[in-house]
Structure formats: C-alpha cells, structure tokens
Amino acid sequence: MARSAEESARTAAAAAVRESYGKLLAFLAARTRDVAAAEDALAEAVAAALADWPLRGVPRSPEAWLLAVARRKFIDQARRRQSAEAAGDHLRLIAEELAEAAGMATIPDNRLALMFACAHPALDAGIRAPLMLQAILGLDAATIAAAFLVSPAAMGQRLARAKSKIRQAGIPFRVPERAELGERLHSVLEAIYAAFAEGWSDPVGTEIRRRDLAEEAIWLGRLVCSLLPGEAEALGLLALMLHAEARRKARRDAQGEYVPLAEQDPALWDAPLIAEAEVLLFRAGAMDAIGRFQLEAAVQSAHVVRRHGGRSDWSAILRLYDALWAMTGSPVVAVNRAVALAEVKDPAAGIAALDALQSDDRLAEYQPYWAARAGLLASAGNAAAADEAYEQAIGLEHDPAVRRFLERRRRALRG
Amino acid sequence: MKYMLLIYSNEAAFEAAGKAEVQEIVGAYQAYTQALTKAGVIVASDRLQRSASATTVRTADGKTKVLNGPYAETKEQLGGFYMIDVPDLDAALTWAARCPGASHGAVEVRPVWAM
C-alpha cells in the first residue's frame, strides 16, 4: 500500500514535470534559439523537482517552482562562469527570459513552435524525432538511443549537432504561415510517427523503454491536436496511433507468441482507445482535408467491425490503399494493397500485384513483402515458392517471436 | 541574420544555351536582384567569372603551391552569390527558392559568422 502511494506520488511528479518541461524549454529557447543552453538552465531544476515533489507533493504552480529553481541555479552558474569566460549573448538572453518569466502569471505555450523547429526541413529527417522527444519531453540521449538502436554517444553527438544547427543557421521557433503549414506540419507528424514506430517495433513490450516511446509519441500527438485542433492530419495521426495501441495486448498470446492481426481476438482490443480513435477520425473527416494519416487510420478502423463479429471490410481497405498508393507511391503501401486485393478477389490477384513490384529494389530486404508473398503463395497452393519466400522472410526478421511464427507457417506447408 | 546564398550551376549548359535563353536568365537575375533591393534585404551580390579562370593557392611547409583551376572539379560550379540580411532561416530559404539559380542549379544557404 505504502509502496503504491509512493509510486503514484512519483508518477504524478513525473507527469507534472513533463507537462511543464517542454513549456519552459520552449519559452527559454524561443528567443535565443539555443536549445542546449535552455536545457542546461532547466536540468538541475528538473532533478530537484523529481526529488522533492514525490515527497512533498506537486506544487500548485509547477512551472513557477521550476522557474524559481532554474533561475537561482542559473545565476549561480553565470557567476561562476564570469571569471572564466565572458558570458555569451545567449546566456544573457536566457537570464533575461528567466527574469521575465518569473514575473508572469502563466508561461506562454511555445511548444508547438519548438516542435516546428525540431522538425525543420533543414535538419536531417532521422534526427527530428529524437530531437523532439528530448526538447519537448526531456528524455535523455541514452533513453532515446536505446529506442532507436544506436549508441548513446552517437545519439548524444547527433542531438548536439542538430541543436548547433538550429542556433547557427537561425532556424526559427515559429508556427509557419498558412501557405506552408501543411507541408511543415507533415514533417512534425512524420517525426512523431517515427517515434511511435520505434516504440511499436517491440510489440511484446519487454523492453520498457521501447514501449514507453509509443506512449510518448501518443502524448506528443495529443499535444499537437490540442494546439492545432483544426488540422485533420494531426487528428488522423493520433487516431492511427490509438488504433495500433488498442491492439497491443492482442498481439501476443499467453505464451508470448506473435499473433497476426487476422488471428487476433478482438475482445482483447482496448475499447476506449478505439472509441477515441473513431471519434477523432470522424472529426477529421468532417474537415474535408484528406491525407496519408487519415487514410491509414481509416484502414485500421475498417478492422474494427470484427469486434461485433463482422469480417474486416476488405473492399473498403482496398479502396483506401488505392488512395494511399496514388498519394504516396510507397512500396510499403503497395504490399498492403496486394494483400487487400487477395482478400477481395483471390490469392492469385494478390500475387500478380506483388509480382508487379519485383523491380523495386527497396523491397528486396523488406520482411513484410516476403511474408505477404509467402502467405499468398501458400493460399494459392504453390508450396515450393511459398517455402522459398518464407525462408527469405525469416532471414530478414529481427523479432524472435515473429520469426517463430513464420517458421511455424513454413512447417505447416510441408504438412 | 546575414546569410550567403551561393549559386552553383552547370557552366557548360549555360555556355551551350542560345542567345534568347541567356537573355531570359540574365533578365531573371536582374528582376531577382531588384526584388531583394526593394525588400531592403540585400547586403552584397556579384557574379563570378567562369571556374576555368580560377586559380587555387595552398601554402604548406613555407611553400606556396599555385594550381590552375577551381578548388574542386565538379559539374556544378560556384557562379555567384548574394549576401542577404533577414530575420531567420525560413526567410533566407524563401529568398533562395526565388533565386533563378535554384531552378537551373542549386543554391546553398550559409549563415554568416556573426562577429
């Protein structure tokens, strides 16, 4: 009992820190464009809060508390630094920001502007998601590195480089003008989705850090939706992530074995998450601005009928993939479209659609292509070719549970 | 902030262009320079002689080496620049995209080291 009270006090403290952290960081970095200096200014205050709040409770104004500590620490640091080196302009600016913020009743929320800076096209696409996770949520480089399967040192270096680029190149902290908002928002959403996909790639959730990343991404998705409630694609992305998250438990059986979507027990899907996703998607649809994330969320939605004993609406899914294919030209979409086509028509039609993709080199090492191919060949009764495709799929899979699943399928071929 | 817009383009293609095409390109640059001037953001600009006229100098161990030709032999060569003063990178990128060089070559946007 005492333990769980302690636990919930810690959780409440962490949640309050997270909510305040991005806001304070965005506020401090907005004028200086110096994310690293703003992080330094907040680091000790955050550590102090995480030690103090679980014991004494979250203060009434967490932001004011953090600011007061940050300001005190910052002045100390600046004093110590003064003899060694002249405080740079950005340090002076940070001091001014801190002083200004201390006099405010509430801190303006610049998090959206910070997200647009983190997902700026002038930064490498691969660093945008890690940067956003660090700047908005305060995750450390080691946690992010573990999720993206790179060494902490390398991740730390790439993050530092991206922050220097923001400062040196003068990347603005601003929500873009209407004319370019769509395209720029897309890169923010892409980065959030990349974070989600990293968390999602460990479906069993054995690695706590990876599972958390999916939750962090959903948190970011909610934040964007609350700050830009009129953007259909932002709602679409959140709906997509919630649909996927709703199936987390159903993706493994009691023994921890992989269960493909077609064989999942819909009773295990999380009903409140699905309901929330459906409402979001409906709201997005009414905005009449269709996009990639809404289409993908709609595909997920078409499986939901199974909860009421129905069959997934494959002709709707096929139409959605047709639209996605026309929009993105992505080979990943083409593979999914072939599977839907096989469901609507027959396996031969799906195989023919996959054959048409063979010239695309990007698919040669794409596991789902081979798994889909193997499944369709097996359904069509072509055991020899299916066996070969399964072998390729197994060789490319990194998740042992999925590998075992594919091996079982392959063995079943031999009857 | 000050930014350099460095214009890289294919010199051979430009030389092979017909008179009308050259006139059109020159006209486009004049209009662009005019627009930058009207917006009050231009600091400096110049067109460079072709890269075949370049000479590259290095000094090592007290010895000076002089080489005929540009620093790097690439298909697209630095052909000119604009220096502009705008609030942030987005504004610089917007101007870079309007530069005629962006459509017949590439424009590298580099912030100037603030002293």
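Below we take the labels one at a time.

Reply: Some housekeeping: this is a predicted model, where local features need pLDDT of at least 70, side-chain atom pairs count only at pLDDT 80 or more, and totals for chains, interfaces and linings use all residues. Residues are numbered from 1 along each chain as its sequence is written, while chains are lettered from A and ligands numbered from 1 in the order in which they are written.

Me: What makes V22(B) exposed?

Reply: The neighbour count. A residue is buried if 20 or more other C-beta atoms lie within 10 Å of its own, exposed if 12 or fewer, and partly exposed in between, with C-beta atoms placed from the backbone. V22(B) has 12 other C-beta atoms within 10 Å, so it counts as exposed. Its place is in helix 2 (residues 19–38) of chain B; helices (H or I, at least four residues) and strands (E, at least two) are DSSP runs, numbered from the N terminus.

Me: How do you know what span to expect for helix 11 and helix 15 of chain A?

Reply: The expected span is 1.5 Å times one less than the number of residues. For the 15 residues of helix 11 of chain A that gives 21 Å, and the end C-alpha atoms are 21 Å apart, which agrees. Helix 15 (residues 331–344) of chain A should span 20 Å, and its end C-alpha atoms are 20 Å apart, so that agrees too. Just after helix 19 of chain A, G415(A) takes a positive phi of about 60°.

Me: Why is helix 6 of chain A called roughly perpendicular to helix 8 of chain A?

Reply: Helix 6 (residues 125–137) and helix 8 (residues 152–169) of chain A pack at an angle of about 85°, with their axes 10 Å apart. That makes helix 6 of chain A roughly perpendicular to helix 8 of chain A, since angles under 35 degrees count as roughly parallel, over 145 as roughly antiparallel, 65 to 115 as roughly perpendicular and the rest as oblique. Axes are lines fitted to C-alpha atoms, for helices over the stretch in contact, and angles run from 0 to 180 degrees between N-to-C directions. The residues involved include I127(A) and L131(A) of helix 6 of chain A, and M155(A) and L159(A) of helix 8 of chain A; contact requires C-beta atoms, placed from the backbone, within 7 Å.

Me: What makes strand 3 (residues 55–60) of chain B lie in the open?

Reply: Of its 6 residues, the number buried is 0, so strand 3 of chain B lies largely in the open. Strand 3 of chain B pairs with strand 4 (residues 63–68) of chain B in the antiparallel sense over 6 bridges; pairing takes at least two bridges found by DSSP. T59(B) has T64(B) as its bridge partner. These two strands of chain B form a hairpin with 2 residues between them, and D61(B) in the turn has a positive phi of about 50°.

Me: Which strands are at the edges of the other sheet in chain B?

Reply: That open sheet has 4 strands in the order 2-5-1-6, with antiparallel pairing. Strand 2 (42–47) and strand 6 (105–111) of chain B are the edges, as each pairs on one side only. Strand 1 (residues 2–10) of chain B pairs with strand 6 of chain B over 7 bridges, and M4(B) stands opposite R110(B).

Key
Two residues are in contact if their C-beta atoms, placed from the backbone, lie within 7 Å.
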